[in-house]
Amino acid sequence: MALKLIEVDSAALYNSIIQAVEVEIGEPLYPGDERRIFVEALVQIITAMANQCNVAANGKTLQYA
């Protein structure tokens with residue numbers, strides 16, 4: 001099993017980011033809202049970056065290089 005420096009749970013990340021944005025703007029973001037669509041795209045990017053950090057960290061260890 002590979003080393004995980006960053007625990008990546010995309011569902012939890014998605015929920016927490018959507019909730020944080022809704023709190024900041026003071027209204028719910030419905031599925032067709034452009035702001036929600038933008039945030040959903042950002043969540044995908046953030047998840048991919050966290051996974052890439054884990055891959056890079058594994059490349060630096062002798063066991064997983």
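Buried, in this talk, means under 20% relative accessible area. With that cut-off, 17% of the 65 residues in the protein are buried. Keep in mind that this is a predicted model.

Overall shape first. The protein has two helices and zero strands. Its C-alpha trace spans about 50 × 15 × 15 Å along the principal axes.

Now the helices. Helix α1 covers residues 10-25. Helix α2 covers residues 34-60. α2 has 27 residues and reaches 40 Å from first C-alpha to last, close to the expected 39 Å.

What do the buried residues of α2 pack against? They pack against α1. The set is R36, V39, V43, T47, A50, N54, A57 and N58. Look at the spacing with one rule in mind: an α-helix has 3.6 residues a turn, so residues three or four places apart point the same way.

Contacts tell us about range along the chain. Of those with a separation of 6 or more, 59% are between residues 24 or more positions apart. N15 sits in α1 and is partly exposed, at 48% relative accessible area.

Next, charges. Side chains of opposite charge can pair when their charged atoms come close. The count here is four salt bridges. One is E22 with R36, the closest N and O atoms being 3.9 Å apart. E22 lies in α1 and R36 in α2, so this pair ties together parts that are 14 residues apart in sequence. R36 is buried, with a relative accessible area of 15%. E22 is partly exposed, at 23%. A network of salt bridges links E22, R36 and E40.

R35 has two partners. It meets E27 at 2.9 Å, N to O, and D33 at 2.9 Å, N to O. R35 is partly exposed, at 37%, and E27 is partly exposed too, at 38%. D33 counts as buried, at 14%.

Last, the surface. Which residues form a nonpolar patch there? F38, L42, I45, I46 and M49, with about 480 Å² of accessible area together. M49 is in helix α2. M49 has 53% relative accessibility, so it counts as exposed.

How values were computed:
Residues numbered from 1 in each chain as written. Predicted model: local features only at pLDDT ≥ 70, side-chain atom pairs only at ≥ 80, totals over all residues. Heavy atoms only, no water. Patch = residues over 30% accessible without salt bridge, like charges linked within 9 Å, V, L, I, M, F, W, Y side chains within 5 Å. Areas by Shrake-Rupley, 256 points an atom, 1.4 Å probe, with all protein chains shown as cover. Salt bridge = Lys/Arg side-chain N within 4 Å of Asp/Glu carboxyl O. Helix = DSSP H or I, 4+ residues; strand = E, 2+ residues; numbered from the N terminus. Buried < 20%, exposed > 50% of the residue type's maximum accessible area, 1.4 Å probe, protein only. Contact = heavy atoms within 4.5 Å. Expected span 1.5 Å × (residues − 1).
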